[in-house]
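Take a look at the model below.

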Amino acid sequence: MGCVNRHDLGLLVLRVGTGAVLAAHGAQKLVGWFGGGGVEGTTAAMEAMGFHPPKHSAIAAGLGEAGGGVLLALGLATPAAGAAAAGAMAGAVAVHAPAGFFAQGGGYEYPAFLGFTAAAIGLTGPGRYSVDHATGHAFNQAWTVALAFAGSAAAAAAVVGRRARAQVPEPEEF
């Protein structure tokens, strides 16, 4: 391949493909594209799934997916993009977990794959063919990786934990 670095080219393909899927998934939630419900439909779905407050949850999920996806595709603020998308997918995994692993049965296979892929890109970095590289990695520093993933993990744990607590039935009084 001559002067083309296969490692960087592979990261570009992985970033753009994963980012595009995430961006489309988030656009369904935010603006109703691709057959999605937009913010209103997603808010109703979030409420039915036990996320509170539902509108904030809908917007956060949509932004984590769409925003994280666009940034991943561009290779811009890659650690934050990967962390945001992975955090959003953690919420989706929590919703699908009761149905088991495989997507064909409603399981969490698909959101887990997207989340792990986004996290791996965020940790690995964007490669040479990216906006981060063109800007001298101003938004792709070691401290950014640690801060982004710690923040995303804390937010995902809080949201998923709040949802889990809300779904525990009240004990019956005798």
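The structure holds one cavity of 30 Å³ or more. Keep in mind that this is a predicted model. The largest cavity has about 30 Å³ of space.

Which residues line the largest cavity? They are Gly50, Phe51, His52, Ser57, Val159, Arg162 and Arg163. Helix H7, residues 142-167, gives the largest share of this lining, with three residues. By class, the lining has two nonpolar, three polar and two charged residues. Gly50 is among the lining residues, and Gly counts as polar.

Now turn to the rings. How many aromatic pairs does a search of the whole structure find? The search finds three. Two of them are listed here.

| Aromatic pair | Centre to centre | Angle between planes | Type |
|---|---|---|---|
| Phe101 and Phe102 | 4.9 Å | 80 degrees | edge-to-face |
| Phe101 and Tyr108 | 5.3 Å | 85 degrees | edge-to-face |

Planes over 60 degrees apart count as edge-to-face. The planes of Phe101 and Phe102 are 80 degrees apart, so this pair is edge-to-face. The planes of Phe101 and Tyr108 are 85 degrees apart, so the label is edge-to-face here too.

Ring pairs link Phe101, Phe102 and Tyr108 into a cluster. Are these residues buried or exposed? Phe102 has a relative accessible area of 52%. Exposed means over 50%, so Phe102 is exposed. Phe101 has 39% relative accessibility and counts as partly exposed. Tyr108, at 28% relative accessibility, also counts as partly exposed.

Note on methods
Residues are numbered from 1 along each chain as its sequence is written. This is a predicted model: local features need pLDDT of at least 70, side-chain atom pairs count only at pLDDT 80 or more; totals for chains, interfaces and linings use all residues. Side-chain values use heavy atoms; hydrogens and water are left out. On a 1 Å grid over the protein atoms alone, a cavity is a set of points where a 1.4 Å probe fits but cannot get out, and a pocket is an open set with protein on both sides within 12 Å along at least five of seven lines; lining residues have an atom within 4 Å of a point. Grid points are joined across faces, edges and corners, and a volume is the space filled by probe spheres set on the points. Helices (H or I, at least four residues) and strands (E, at least two) are DSSP runs, numbered from the N terminus. Rings of Phe, Tyr and Trp (its six-membered ring) pair if their centres lie within 6.5 Å; planes under 30 degrees apart count as stacked, over 60 as edge-to-face and the rest as tilted. Buried means under 20% relative accessible area, exposed over 50%, partly exposed in between (1.4 Å probe, protein chains only).
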